[in-house]
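Please look through the sequence and the model below before reading my remarks.

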Amino acid sequence: DDYVNEVSADYSFNTGRGGRGIGIDAGVQVRENRRDFDEQRTTWTLNPGNTLTAANFVFNVSFTAPLASYLMLILDGQAFLNYFATNPTQFRAAVSNTASDYFFDEDITAAYGQAVYAADRFKLIGGLRWERTETLVERPRTQAGVQTFVTRTNEYDHLLPSVNFSYELSDDLTKRPSMGC
């Protein structure tokens with residue numbers, strides 16, 4: 001399973017196109033990314049004492065691949081599946097259901113706020129964004145032939161300030177210096 005759940009809310013006052021004077025933007029966001037990979041794989045092997053060759057599963061055609069100087073065998077997959085279905089006692093199954101399994105969960109909470117001052121030819125924006133991320137990973141580990149599950153967690157916060165300034169030098173040219181983390 002793989003999914004993302006996200007909820008956000010934003011508020012703006014006097015920051016849209018044509019807004020003049022002081023304006024503000026603020027918002028919050030919560031996101032969960034989750035991946036749960038659970039695979040079951042069956043590997044079939046020939047039982048001891050049985051022999052099997054590809055001779056019964058080769059198409060009776062001659063084929064030479066482009067730029068090759070030798071004939072190639074073309075296997076008939078359906079013929080093998082038919083043989084497998086009618087001779088199940090010649091094979092044994094080994095089921096592996098945890099070797100590649102894992103679970104990943106990431107929760108992100110963020111909030112931002114910014115103040116805007118706009119005049120006819122310039123705009124100044126100062127803002128701050130906070131993000132908190134929490135992660136959880138569970139996966140199998142095999143040591144000395146023994147498989148156990150390992151859980152790892154991590155969390156961190158980031159505070160990201162920014163300042164942006166724009167000045168219209170002409171109708172076709174705007175200068176935009178900015179600074180942020």
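1. Salt bridges. The count of salt bridges comes to nine, where a salt bridge is a side-chain nitrogen of Lys or Arg within 4 Å of a carboxyl oxygen of Asp or Glu. In one of them Glu-6 is joined to Arg-31, with the closest N and O atoms 2.9 Å apart. Glu-6 belongs to strand 1 and Arg-31 to strand 2, so this pair ties together parts that are 25 residues apart in sequence; helices (H or I, at least four residues) and strands (E, at least two) are DSSP runs, numbered from the N terminus.

2. Basis of the remarks. Bear in mind that this is a predicted model, in which local features need pLDDT of at least 70 and side-chain atom pairs count only at pLDDT 80 or more, while totals for chains, interfaces and linings use all residues. Residues are numbered from 1 along each chain as its sequence is written, and side-chain values use heavy atoms, with hydrogens and water left out.

3. Exposure of the paired residues. Glu-6 is partly exposed, with a relative accessible area of 39%, and Arg-31 is also partly exposed, at 29%; buried means under 20% relative accessible area, exposed over 50%, and partly exposed in between (1.4 Å probe, protein chains only). In another salt bridge, the side chains of Arg-34 and Glu-32 meet at 3.0 Å, N to O. Here Arg-34 is partly exposed at 28%, whereas Glu-32 counts as buried at 17%. Beyond these pairs, Arg-132, Glu-134, Glu-155 and Asp-157 are linked in a network of salt bridges.

4. Aromatic rings. There are nine aromatic pairs by the rule used, under which rings of Phe, Tyr and Trp (its six-membered ring) pair if their centres lie within 6.5 Å, with planes under 30 degrees apart counted as stacked, over 60 as edge-to-face and the rest as tilted. The ring centres of Tyr-117 and Phe-122 are 6.0 Å apart and their planes stand at 40°, so this pair is tilted. One aromatic cluster is formed by Trp-44, Phe-57, Phe-80, Tyr-83, Phe-84 and Phe-91.

5. Backbone angles. Most residues other than glycine have a negative phi. Asn-14, although not a glycine, has a positive phi of about 60°, and it lies in the loop between strand 1 (2-13) and strand 2 (21-37). Leu-67 is not a glycine either, yet has a positive phi of about 70°; Leu-67 sits in the loop between strand 3 (41-46) and helix 1 (77-86) and is exposed, with a relative accessible area of 93%.
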